[in-house]
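Here is a set of questions and answers that test the terms used for a structure. Each answer sets a value against its cut-off.

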Number of protein chains: 2
Amino acid sequence: MTRHSSGLTELEGAVLSEIHHRLNRTAFKVRRAFQTSPSIEWSGSAGAVYPAIRRLVEAGLIESTPITTGKKGSHLSLTHDGVAALEDWICDPVRATSVGVDPFRLRAGLWATLDSARRADALLGLKQAVGEELARLTTTLDDLDPVERARSRWSIQLQTMRLQWLEDQTAQSDAAPDSK
Amino acid sequence: MTRHSSGLTELEGAVLSEIHHRLNRTAFKVRRAFQTSPSIEWSGSAGAVYPAIRRLVEAGLIESTPITTGKKGSHLSLTHDGVAALEDWICDPVRATSVGVDPFRLRAGLWATLDSARRADALLGLKQAVGEELARLTTTLDDLDPVERARSRWSIQLQTMRLQWLEDQTAQSDAAPDSK
DNA sequence: CCGAACATGTAACCTGTTACATGATTAC
DNA sequence: GTAATCATGTAACAGGTTACATGTTCGG
């Protein structure tokens, strides 16, 4: 993905924050954090995480010290430069406020183009999917660390707004069944 | 990026909708639509759009007929299969309701980890960026076709919610200046 | 001792990015 | 005629995906 002012990709920034703020201090734990994260975001594939960490080590942002005491694996921590780069990434206003690739936004104006039967079907399926996601988010909220909890809270607000949008679409759909 | 149930990437779906719903019926116009779109989403690079269209033609979803009358270029339209694939993509509930890679969400829990000076700075910059984007979105709303207008309306809601989030963060920040 | 979980990595592939190259048409 | 815009593409590269390969440690 494109590198922005902070010089980090979104994945690299996320990796740094996993190590520094969420205390996942081995490559494996970082990877598992992505895999088990309540959101899809990235698959947490080995082919993405390990190369990303290697790049960050080579760039001098991560310090990697092999664990000697029985355990295998390497302990990762951010260097001074790493912390600075992470903060730049966190604060980058252009990046932070861009819409990214929002799949809902892309489709927001397109449901109205469907014929009424298909549209009703789609809206029902979408509302159900959002509803299930909302239920999952609210029930798992307590088990999360502060960082992930904040993300979940944001997701709840987002999905609630999506649900509202879908209900508005349904209402408009009922008012004007088929615009042709 | 990953292909989902509809078999289309997000870019491919967006390309089909540009052709079918927004009447950008040459490769060049599709490309320009991405480039001049109020959102970043994709760069609309030639190296992405032309290959994507070629793939869609080869898959039998787009019909490409060279323009004979003076003009150069090819006229693009969706085949029967193309319309079906587009509708599947539009209605795919898993895709449509995923958070995608939301840069705001990724950072939502991280501003609180900054020291109070840096945090105040960051929040100010972010609120300004969101404010400017909101101003731009509201003033350009009238010039847009229905599809893009719906997207803009969604973006306005999203950015408004982001602004609210940032103001809440600022308030909490003021209440507890430095948590160490 | 054996299977599950821990741990690390590579190889082939796909798609998007930048940067470059090329030519046709139109407005002046 | 010439500059801007229209129009199409390719080449090198970056970074993410799946799938595979390999070895370690620990609980039973």
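Q: What makes two residues count as being in contact?
A: Their heavy atoms lie within 4.5 Å. The model here is predicted, and the contacts are computed from it.

Q: How do you know through which surface the copies meet?
A: Compare the interface residues of the two chains. Of those in chain A, 100% are also interface residues in chain B, so the copies meet through the same surface. The contact takes 55 residues from chain A and 55 residues from chain B.

Q: How much area is buried between chain A and chain B, and what do carbon and sulfur atoms give?
A: About 5,700 Å² is buried, and carbon and sulfur atoms give 66% of it. On the chain A side, R105(A), R107(A) and W154(A) supply 14% of the area buried against chain B, more than any other three residues.

Q: What makes the pair E148(A) and R105(B) a salt bridge?
A: Their closest N and O atoms are 3.7 Å apart. The cut-off is 4 Å, between a side-chain nitrogen of Lys or Arg and a carboxyl oxygen of Asp or Glu. The pair therefore qualifies. The count between chain A and chain B is eight salt bridges. Polar contacts are counted separately, and 24 residue pairs across the interface meet that rule, both residues at pLDDT 80 or more.

Q: Which helix gives the most to the side of chain A that touches chain B?
A: That is α8(A), with 13 residues. Helices that each supply at least two residues to this side include α1 (10–21), α4 (80–91) and α7 (116–140) of chain A.

Q: What makes a set of residues a nonpolar core, and how many residues has the largest one here?
A: The members must be buried, of the nonpolar types, and joined through side-chain atoms within 4.5 Å. The largest such set has 91 residues, and W111(A) and W111(B) have the most contacts inside it. Helix α8 (residues 146–175) of chain B gives the most to this core, with nine residues.

Q: Which residues does W111(B) contact beyond its neighbours in sequence?
A: Leaving aside residues within four places, W111(B) is in contact with I90(A) and A96(A) from chain A. Its partners in chain B include F104(B), L126(B) and W165(B).

Q: Why is L23(A) called exposed?
A: Its relative accessible area is 54%. Exposed means over 50%, so L23(A) passes. L23(A) is found in the loop between α1 and α2 (27–36) of chain A. Its phi is near 60°, a positive value in a residue other than glycine.

Q: How do you know whether L23(B) is buried or exposed?
A: L23(B) has 54% relative accessibility and so counts as exposed. Its phi is positive, about 60°, although L23(B) is not a glycine.

Q: What makes R22(B) and E18(B) a polar contact?
A: Their side chains meet at 2.9 Å, and the cut-off is 3.5 Å. R22(B) lies in the loop between α1 and α2 of chain B.

Conventions: Residues are numbered from 1 along each chain as its sequence is written. Chains are lettered from A and ligands numbered from 1 in the order in which they are written. This is a predicted model: local features need pLDDT of at least 70, side-chain atom pairs count only at pLDDT 80 or more; totals for chains, interfaces and linings use all residues. Side-chain values use heavy atoms; hydrogens and water are left out. Buried means under 20% relative accessible area, exposed over 50%, partly exposed in between (1.4 Å probe, protein chains only). Helices (H or I, at least four residues) and strands (E, at least two) are DSSP runs, numbered from the N terminus. Buried area is the accessible area (1.4 Å probe) that two parts lose on being put together, summed over both. A polar contact is a pair of N or O atoms within 3.5 Å; within protein, one must be able to donate a hydrogen and the other to accept it, and residues adjacent in sequence count only if both atoms are side-chain atoms.
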